[in-house]
Amino acid sequence: MRFKNYFYFIALIWLISSCSASKQAENNIKSGNYDEAFDIGFEKLSKDKNDDKLVLAFKRAFDKANERDLKQIDLYKTQNNPLNLKKIYALYEALDARQYQVISLQPLYH
């Protein structure tokens, strides 16, 4: 009997912790982990595109990650340091990869 109760308790904890991908994404956005939030959204939305809260969190993570990368690119460009060219290229590649991930999920509706 104890084992059965223990099993139900563990299953309940697991279910509660894994239910809300949108909350996980929002928490990552609040803490500045935009790429992690984007990855969570991409993983869940590739399975189910009908979660409106997750679509909004995914969009916010995408916008904030792109904004952060574009600001960093502008900063590197204003420094006029040839050593920053590899960093700029890597940031543009990250932007491009993120865009292709979004394209693969189309159509997304909210």
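Which residues of helix 2 (residues 21-30) are buried?

1. The model is predicted: local features need pLDDT of at least 70, side-chain atom pairs count only at pLDDT 80 or more, and totals for chains, interfaces and linings use all residues. Residues are numbered from 1 along each chain as its sequence is written, and side-chain values use heavy atoms, with hydrogens and water left out.

2. Ala-21, Ser-22, Ala-25, Asn-28 and Ile-29 are the buried residues of helix 2. Buried means under 20% relative accessible area, exposed over 50%, and partly exposed in between (1.4 Å probe, protein chains only). Helices are DSSP runs of H or I, at least four residues, numbered from the N terminus.

3. Viewed down the axis of helix 2, the buried residues fall within an arc of 125°, so they line one face of the helix. The arc is taken over the directions from the helix axis to the C-beta atoms. Lys-23 and Lys-30, on the other side of helix 2, are exposed. Just after helix 2, Gly-32 has a positive phi of about 90°.

4. The largest nonpolar core has 17 residues, of which Phe-38, Leu-45 and Phe-58 touch the most other members. Such a core is a set of buried Ala, Val, Leu, Ile, Met, Phe, Trp, Tyr and Cys residues joined through side-chain atoms within 4.5 Å. Helix 2, helix 3 (34-45), helix 4 and helix 5 each give two or more residues to this core, and helix 4 has the largest share, seven residues. Another core, of five residues, lies apart from it and includes Ile-73, Ile-88, Leu-91 and Leu-95.

5. Asn-80 is in the loop between helix 4 (52-79) and helix 5 (85-105). Asn-80 is not a glycine, yet has a positive phi of about 50°. Asn-80 is exposed, with a relative accessible area of 67%.
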